[in-house]
Structures are given as C-alpha cells and as structure tokens.
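Open the model in your viewer and keep the selection panel at hand. We will go stop by stop.

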Amino acid sequence: MTQSLFILTGSGVSAESGLGTFRDTDGLWAKFDWRELATPEAFASKPEQVHAFYNARRAGLKKASPNAAHLALADLERAWLARGGEFLLVTQNVDDLHEQAGSERVVHMHGELKKMRCELCGEVHEAFDEITMDLPCLNCREAGGLRPHIVWFGEMPMEMDLIYDQLEACDLFVAIGTSGTVYPAAGFSQVAKQAGARCLEINLEETDTSPLFDEARKGLASQAVPAWVADMVG
Ligand code: OAD
C-alpha cells in the first residue's frame, strides 16, 4: 500500500495559470537567452538586466492564481496526512501558487520569486516588488548586494539532503508538468525507482524520461491531476 508520496512539479503545472514554461515553443528559454539572465556570471556583469527579468516575472505572478492542479495537490496533501501517510511536494517552480492553493509541505528546490537574498550578509527577505541595485538590505543596510533568491545555472539547488532522504523512502514518485531535462530533478525518478518506488508521470506529452516511469497519464494538468487525486483519495 502506498504510504509515502513524493510529488515533483515543474512549470507545466503553472502553465494554465498563465505563467510560461521554459522549453515549449513559446517558453521563456525560447524567447530569452538563459545565459544572459539565469547565471551568476550574467548577474555579475549585467545585474540590472537580470533584475529586470525577475522583476517582470514577479509582477506577472501577482496576476496569477492557482489552477485546479494546484488545488487538487493541496487537497491530496490534507487527505494523505489525515490518513497517516507521508507527503512531500518538491517544486522546480519559483512561483508560490502551491502555497496559495493551500499546500504546506512544499520545497522550492530552485528558489522563490517572492524572496531576495543579500550576497553581503546572507540574509533572505521577502520581495514583493522590484529589486534594484540601489535597494539596501534590511539586515546589513548595505545597497548593491541583493539578488533574487533563485537558483541559477551552475548553482546548487536547495534542500538536496532532505529531497534525497525522502526520495529514497517514498513508495510513489509522481512527476507533474516537467520535461525532465534539468538535473538533478531529471534524475529523481531513477533514484526513487532504484529505492523501490512506483513512478507516475503526468504531462501533456511524452518526455525524455517517460521510459523510466511505470505509468503515464497524459493531459492538461488542470484535468489530469484532479482526476488522479480523485483516484488516490477516493
Ligand atoms: P519545461 O519547459 O522544460 O517543461 C515543461 C513541461 O510541462 C513539458 O514537458 C510540457 O509538456 C509540460 N506542460 C506544459 N503545459 C502543460 C499543462 N498544461 N499540463 C501538463 N503539462 C504541461 O519546464 P521545467 O521542466 O519546469 O530552472 O523546467 C525545469 C527547470 O528548467 C526550471 O525550473 C528552470 C528551467 O531552466 C531554473 O531556472 C533553474
């Protein structure tokens, strides 16, 4: 019987909330060069350009609301914990739509758009509006050190010890709306499978990692996720 659930979400879960995916034909990395926007080197050489990109995404998030997939995953978490099961939702998304939907056991392995971090003192603060190079840190009071609290290419994702512990202990691993192209998340299904878990993929289409999964449910996240959750909690 499935006791421990590990859910991994990607940008496909937020697509129907109006937030772009990355690698679809109209995705963010089809329109913008990630090397210029999502690397420590880009921030070191053109910080204003990097801030402008994330400031625009933060403004876009203000207009977005959770869709039926986010809401169903929050329902699943409540139902699963009430039955005494284990539950962890790891998201690659930097939006907070899972939290807005009511999810509580959420890990943002690629960081959070609504947070900023001071590179001078290390403090993490909430970021509701624009971050600029003139903005002083609320902790050390210095300007020029604040950056988006986002994991860029070449940086280590967050909470990896907790994630691998839970992956190795889970009975069911479910990947939702992710292309399975960015490591380490792309390798999670293999880790879970080797540890004995069943693996389910929910996606609009086949992905590079589909062959690793035991089962696939194809469709829009807003339909396929609530249908799967209904099957899980009856
Ligand atoms: P991708 O753009 O690579 O993949 C999005 C996936 O969602 C694709 O497999 C689509 O088929 C699927 N999809 C799109 N719309 C969907 C819908 N309505 N319902 C279900 N599935 C849908 O995005 P991610 O896999 O999230 O990292 O990308 C992973 C990481 O790459 C991101 O976190 C980001 C990016 O570079 C960083 O910025 C560090």
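**First stop: a helix pair.** This is a predicted model. Select α5 and α9: the two helices run roughly parallel to each other, because an angle under 35 degrees counts as such and theirs is about 15 degrees. Helix α5 covers residues 68-82, and α9 covers residues 221-233. Their axes lie 8 Å apart. Look at the handedness next: α5 passes α9 in a left-handed crossing.

Now show side chains at the contact. From α5, pick A68, A69, A72, L73, L76, A79 and W80. From α9, pick A221, S222, V225, P226, W228, V229, M232 and V233. Colour them by class. The contact of α5 with α9 shows 14 nonpolar residues, 1 polar residue and no charged ones.

Zoom in on the oxygen atoms of the ligand.

- N203: a polar side-chain atom sits 2.7 Å from a ligand oxygen atom.
- W29: here too a polar side-chain atom is involved, 2.8 Å from an oxygen atom of the ligand.
- Q92: a backbone N or O atom lies 3.2 Å from an oxygen atom of the ligand.

**Last stop: two loops.** Select the loop between β7 (172-176) and α8 (188-194); P184 is in it. Is the peptide bond from Y183 to P184 cis or trans? It is cis, with omega near 10 degrees.

Then move to the loop between β5 (124-126) and β6 (146-150), where R141 lies. Check the backbone of R141: phi is near 70 degrees. That is a positive value in a residue other than glycine.

Terms used
Residues numbered from 1 in each chain as written. Predicted model: local features only at pLDDT ≥ 70, side-chain atom pairs only at ≥ 80, totals over all residues. Heavy atoms only, no water. Axes fitted to C-alpha atoms, helices over the stretch in contact; angles between N-to-C directions. Helix = DSSP H or I, 4+ residues; strand = E, 2+ residues; numbered from the N terminus. Parallel < 35°, antiparallel > 145°, perpendicular 65-115°, else oblique. Left-handed = near helix turned anticlockwise from the far one by under 90°. Contact = heavy atoms within 4.5 Å. Nonpolar A, V, L, I, M, F, W, Y, C, P; charged D, E, K, R; others polar. Polar contact = N/O pair within 3.5 Å; in protein donor to acceptor, adjacent residues only side chain to side chain.
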